[in-house]
Structure formats: structure tokens, C-alpha cells
Amino acid sequence: PLFLYQIMNGGRYNAQIVSLDEFAMPSEDWMSINVKKLNAPQNDTEPPEDLHQLSKETDRMRERAVGPGRSVTYEEWAEFAQDVKT
């Protein structure tokens, strides 16, 4: 979330976020397509606090998914993706 905030609000990229199906899961995912602008000024606006919180939550979910002996069910991924979207 923090990376996307900077890409979308930093002024240095033309960017678009697209929705797609998560690989091998019945869940929504997102991808950003970015093209750097030449000589564009940087806007270093600090992301809102709720984005910092969302970043922590996404990091925890990712850690659950890839950590040793851990896993996330398809249903949990789909529910989490829906929560992130809203």
C-alpha cells in the first residue's frame, strides 16, 4: 500500500492499477502499471496513517502465507482481498 501511494501520488509516474485474478486462487489481486515521467518534480506527501496500518496488515498476511509451517486458505485470501478493497 505505501509503495502504491507513492507511485500514485508522488508525481513522477503515470500509473494505473488493474484488477486481476490471483494466481491459482479464487481471489482478486491488483497490479500497477507505471511509466516514469522525465524530469517530473517529486511530491513527498506522507501517506495517511490508515495506509500505514493497512501496510502492516498486508505484511502480516504475506508472512502467514510464506512463513515456515504457515498457510493461508483460499477463503482467507479472498476475504482479505475484499477487506483491503473496501
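**Which residue forms a salt bridge with arginine 62?** It's aspartate 59, and the closest N and O atoms of the two are 2.6 Å apart. Keep in mind as you look around that this is a predicted model.

**View 1. Arginine 62 and aspartate 59 pair up within helix 2.** Both partners belong to the helix spanning residues 49-66, and they are three residues apart, about one turn of that helix.

**View 2. Arginine 64 and glutamate 76 form a salt bridge.** Here the closest N and O atoms sit 2.8 Å apart. Arginine 64 is in helix 2 while glutamate 76 is in helix 3, so this pair ties together parts that are 12 residues apart in sequence. Arginine 64 counts as partly exposed, with 33% relative accessibility. Glutamate 76 is partly exposed as well, its relative accessible area being 28%.

**View 3. Glutamate 28 meets lysine 85 in a salt bridge.** The N to O distance between their side chains is 3.3 Å.

**View 4. Putting the pairs together: the model has three salt bridges.** Why do such pairs turn up at all? Side chains of opposite charge can pair when their charged atoms come close.

Note on methods
Residues are numbered from 1 along each chain as its sequence is written. This is a predicted model: local features need pLDDT of at least 70, side-chain atom pairs count only at pLDDT 80 or more; totals for chains, interfaces and linings use all residues. Side-chain values use heavy atoms; hydrogens and water are left out. A salt bridge is a side-chain nitrogen of Lys or Arg within 4 Å of a carboxyl oxygen of Asp or Glu. Helices (H or I, at least four residues) and strands (E, at least two) are DSSP runs, numbered from the N terminus. Buried means under 20% relative accessible area, exposed over 50%, partly exposed in between (1.4 Å probe, protein chains only).
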